Amino acid sequence: MGIERSIDCPGCGLHLPCPSWGFFYVTDEKGSRIPLEGNMESTIIAETLGIDEQAITGCVFAPGRDAVSVRLMEERVGYASFCLCRTCLERCSLDGKRDVFRCPSCGSEDVKTFIQLIGTACPRCGRGMLEER
Ligand SMILES: [Zn+2]
Ligand SMILES: [Zn+2]
């Protein structure tokens, strides 16, 4: 923790802070994604989904772990990766398993996760190679 990681272009100075590659989230009733700080914040997940917390923390045989809870988690808990649009340079977060890789700002499909950006040509200057700092 506390690592000031970023992706940088030595050519033009493009600087993209990325303390993490993404985040786990739980989707609420309205369809909004609530980011989770840790890998699994069982209390927040349980409250948001309206299920027994034991269904999340417990082992497979925990009493609260019924089929409905498991299905809700499969449907509404996920991991979103931080992404950069190579067309407009806007940042966004997308779930690689659920979302179409398309920029919410400009509609471009030239969107890459931060991990995918490392070692590729800088989208701003086109000369430098992006590197992890
Ligand atoms: Zn550059
Ligand atoms: Zn864009």
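A residue counts as buried if 20 or more other C-beta atoms lie within 10 Å of its own. By that rule, 19% of the 133 residues in this predicted model are buried.

**Secondary structure.** Read from the N terminus, the order of elements is β-β-β-β-α-α-α-β-β-β-α-β.

**Largest nonpolar core.** Now select Ile7, Cys9, Phe82, Cys83, Leu84, Cys85, Cys103, Val111, Phe114, Leu117, Cys122 and Leu130; these 12 residues form the largest nonpolar core. Which elements each supply at least two residues of this core? They are strand E5 (77-85) and helix H4 (114-117). The greatest contribution comes from E5, with 4 residues.

**Val111.** Within this core, centre the view on Val111. Leaving aside residues up to four places away in sequence, Val111 touches Cys83, Cys85, Leu94, Phe101, Arg102 and Cys103.

**Second core.** Then select Tyr25, Val26, Leu49 and Ile51, which are among the 9 residues of a second, separate core.

**Contacts across the chain.** Finally, return to the complete chain and consider contacts between residues at least 6 apart in sequence. What share of these contacts joins residues at least 24 apart? The share is 39%.

How values were computed
Residues numbered from 1 in each chain as written. Chains lettered and ligands numbered in written order. Predicted model: local features only at pLDDT ≥ 70, side-chain atom pairs only at ≥ 80, totals over all residues. Core = buried A, V, L, I, M, F, W, Y, C linked by C-beta atoms within 7 Å. Contact = placed C-beta atoms within 7 Å.
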